[in-house]
Amino acid sequence: MARTLRFLSYAMGFACAAIGLLHLLAGNAIVPGATDAGPTVDSLNRFLGAVFAGYGLAWLWTARQRPIPPAPVRALAGLFLLGALGRILSLAVAGRPNWFQLVLLAIELALPPVYFALASADTRAAAQATQAARATQAMQADPAGTPDRDRPERRGADRAARGAVE
């Protein structure tokens with residue numbers, strides 16, 4: 001689960017940063033059906049492209065943490081879901097957009113629950129690994145659980161006792 005979270009976080013980060021940069025550089029030309037929208041929409045699109053690129057960088061920053069902290073994952077996934085709700089509001093107010101926008105809406109509705117479910121996976125895995133390492137260290141440091149015959153200080157005594165008997 002932790003590896004899945006890390007992979008999805010990096011994938012989201014790279015995808016959003018790339019999409020944002022494309023919108024920043026191409027403006028309306030990259031939005032299906034918006035090529036004739038005019039300079040005001042072009043300006044808005046380029047500005048929001050920069051913001052979306054920053055959103056992608058936030059995902060990349062989050063994915064690079066060891067372990068991945070759940071709070072930023074939940075916040076970023078929540079923002080993504082909020083964007084989907086904005087698309088639904090647009091559907092209700094302005095009508096059906098280009099088919100590609102509906103595909104994006106499906107993705108924006110499907111991914112946040114996955115991120116919410118995986119948000120704590122890396123911190124859980126790190127905690128389990130730490131707990132296992134501590135248990136191993138405790139076993140190595142405390143030979144009390146080791147049978148007498150396996151204790152280093154007893155091996156010589158056992159040999160000496162056997163030699164005296166033989």
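Me: Which residues does Thr 62 touch, not counting residues up to four places away in sequence?
Reply: In this predicted model, Thr 62 touches Ile 68, Pro 69, Pro 72, Val 73 and Leu 76. Thr 62 itself is found in helix H2.

Me: Why is Thr 62 called buried?
Reply: The cut-off for buried is under 20% relative accessible area. Thr 62 has 1% relative accessibility, so it counts as buried.

Me: Which other residues of H2 are buried?
Reply: Besides Thr 62, the buried residues of H2 are Asp 42, Asn 45, Gly 49, Ala 53, Tyr 55, Gly 56, Trp 59, Leu 60 and Ala 63.

Me: What do the buried residues of H2 pack against?
Reply: Their partners are helix H1 (2-26), helix H3 (70-94) and helix H4 (99-118).

Me: How do you know that the span of H2 agrees with its number of residues?
Reply: The expected span is 1.5 Å times one less than the number of residues. For the 25 residues of H2 (residues 39-63) this comes to 36 Å, and the end C-alpha atoms are 36 Å apart, therefore the two agree.

Me: What does the same test give for H3?
Reply: H3 has 25 residues and should span 36 Å; its end C-alpha atoms are 36 Å apart, so expectation and model agree.

Me: Which residues of H3 are buried, and what do they pack against?
Reply: Pro 70, Val 73, Leu 76, Ala 77, Phe 80 and Ala 84 are buried in H3. The buried residues of H3 pack against H1, H2, H4 and helix H5 (121-141).

Me: Why is Gly 86 called partly exposed?
Reply: Partly exposed lies between the 20% limit for buried and the 50% limit for exposed. The relative accessible area of Gly 86 is 38%, so it is partly exposed. Gly 86 is placed in helix H3.

Me: Why is Ile 19 counted as partly exposed?
Reply: The limits are again 20% and 50%. Ile 19 has 38% relative accessibility, so it counts as partly exposed. Ile 19 belongs to helix H1. Ile 19 and Phe 52 are 33 residues apart in sequence, and their C-alpha atoms are 7.5 Å apart in space.

Me: What makes a set of residues a nonpolar core, and how many residues has the largest one?
Reply: The members must be buried residues of the nonpolar kinds, joined through side-chain atoms within 4.5 Å. The largest such core has 14 residues, and those with the most contacts inside it are Leu 5, Met 12, Tyr 55, Trp 59, Val 73 and Tyr 115. The elements that give two or more residues to this core are H1, H2, H3 and H4.

Me: Which residues is Tyr 115 in contact with, leaving aside its neighbours within four places in sequence?
Reply: Contact requires heavy atoms within 4.5 Å. Tyr 115 is in contact with Leu 5, Leu 8, Ser 9, Met 12, Trp 59, Val 73 and Ala 77.

Me: Which residues lie nearest the centre of the largest pocket?
Reply: They are His 23, Arg 87, Gln 101, Leu 104 and Glu 108, out of a lining of 39 residues. The pocket holds about 1400 Å³ of space. H1, H2, H3 and H4 each supply at least two lining residues, and H1 gives the most, with ten.

Me: Where does the UniProt entry place "transmembrane region"?
Reply: The unreviewed entry gives this annotation to residues 47-63, 75-93 and 99-118. In the model, residues 75-93 are 100% helix, with end C-alpha atoms 27 Å apart. Residues 99-118 are also 100% helix, with end C-alpha atoms 30 Å apart.

Me: What kind of peptide bond joins Arg 66 and Pro 67?
Reply: The bond is cis, with omega about -10°. Pro 67 is found in the loop between H2 and H3. After H3 comes Gly 95, whose phi is positive, near 100°.

Me: How many helices and strands does the protein chain have?
Reply: The chain has six helices and zero strands. Of its 166 residues, 25% count as buried. Among contacts between residues at least 6 apart in sequence, 65% join residues at least 24 apart.

Terms used:
Residues are numbered from 1 along each chain as its sequence is written. This is a predicted model: local features need pLDDT of at least 70, side-chain atom pairs count only at pLDDT 80 or more; totals for chains, interfaces and linings use all residues. Side-chain values use heavy atoms; hydrogens and water are left out. UniProt positions are given in the numbering used here, feature names are shortened, and annotations may be inferred rather than shown by experiment. Helices (H or I, at least four residues) and strands (E, at least two) are DSSP runs, numbered from the N terminus. Buried means under 20% relative accessible area, exposed over 50%, partly exposed in between (1.4 Å probe, protein chains only). On a 1 Å grid over the protein atoms alone, a cavity is a set of points where a 1.4 Å probe fits but cannot get out, and a pocket is an open set with protein on both sides within 12 Å along at least five of seven lines; lining residues have an atom within 4 Å of a point. Grid points are joined across faces, edges and corners, and a volume is the space filled by probe spheres set on the points.
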